[in-house]
Amino acid sequence: VLYSKNISNLFFAGRNISATHAALSSTRVMATCAIMGQAIGTAAAIATRDELTPRGVYENRLEELKQTLMEDDCYLPFNSREMPELTRNARLSSSAGDAKPLVNGNDRPIGDEYNGWVAPLGSWVEFDFGSGVPVSQVRMVFDNDLNRETWREVDTILKRFPMKCNIPIDQKAVNVPETLIKSFRLEVSNGDDDWKTIYREDNNYQRLVKVNLDGVTASKIRLVPEETWGCEEIRIFAFDVS
């Protein structure tokens, strides 16, 4: 629905996509249109790189397109993100809680499944590679309270809105979600549990965080969440390395 049937090099995004009047009732809204724009922008980059038409991306690169979108934290129902090879081959462990959901490819609650690691503050999670390997990037997805359950002192009706531009003069401030990790550090070890901090963040307010570590070699890498924006436990949806 996002590319032309009879014009070979034309994408569509927004209310002009191919849809019936019934389908338009859901595809016309701003958030959906924005996600369509993200999908088309990513597809156009793949098409340009590989000299493909929009239809050619659908026919030959659809799985890559989906994986790229999910890597950028786009939610595609009924699809799971593939783990990098380095993550698949490493041993995952944590000081508390069940860390397995961190690598299940689902970076948010779906139905009754939380799909995340929950542990007391002060806990850590790590990958053990068995020997020193080069690590280029760490990708993390923190819980940003998608259901607005921890918004403090905000009228219930306003919890429906992810953003507000018009704030009444007597409206209390909207807070950063309490569940979001505020400060954390990444540590590496090359044997004998001699840990070295290679990255620290003290004022995070993002859900998706990617840390580039080009040139780092490690036999183990550990994520240590230090502080949230108010939640009394750690809640993280994804932690993987490549």
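What is the volume of the second largest pocket? In this predicted model, local features require pLDDT of at least 70, side-chain atom pairs count only at pLDDT 80 or more, and totals for chains, interfaces and linings use all residues. Residues are numbered from 1 along each chain as its sequence is written, and side-chain values use heavy atoms, with hydrogens and water left out.

The volume of the second largest pocket is about 530 Å³. A pocket is an open set of points, on a 1 Å grid over the protein atoms alone, with protein on both sides within 12 Å along at least five of seven lines; a cavity is a set of points where a 1.4 Å probe fits but cannot get out, and lining residues have an atom within 4 Å of a point. Grid points are joined across faces, edges and corners, and a volume is the space filled by probe spheres set on the points.

The lining of this second largest pocket comprises 21 residues, with Leu2, Ala39, Leu62, Leu65 and Leu69 nearest the centre. By class, 19 are nonpolar, one is polar and one is charged (nonpolar: Ala, Val, Leu, Ile, Met, Phe, Trp, Tyr, Cys and Pro; charged: Asp, Glu, Lys and Arg; polar: the others, Gly among them). At least two lining residues come from each of helix 2 (30–50), helix 3 (54–60) and helix 4 (62–71), where helices are DSSP runs (H or I, at least four residues) numbered from the N terminus. Helix 2 contributes the most, with five residues.

The structure also holds one cavity of 30 Å³ or more. Of the 13 residues lining the largest cavity, Met70, Cys74, Tyr75, Gly105 and Asp107 are the closest to its centre. The volume of the largest cavity is about 110 Å³, and its lining has five nonpolar, three polar and five charged residues.

Most residues other than glycine have a negative phi. Glu51, in the loop between helix 2 and helix 3, has a positive phi near 55°. Asp73, in the loop between helix 4 and helix 5 (85–89), has a positive phi of about 70°. Glu51 is exposed at 74% relative accessible area, whereas Asp73 is buried at 17% (buried: under 20%; exposed: over 50%; partly exposed in between; 1.4 Å probe, protein chains only).

Thr27, in helix 1 (residues 21–27), is buried, with a relative accessible area of 16%. Leaving aside residues up to four places away in sequence, Thr27 is in contact with Ile17, Ala19, Thr32, Cys33 and Met36 (contact: heavy atoms within 4.5 Å).
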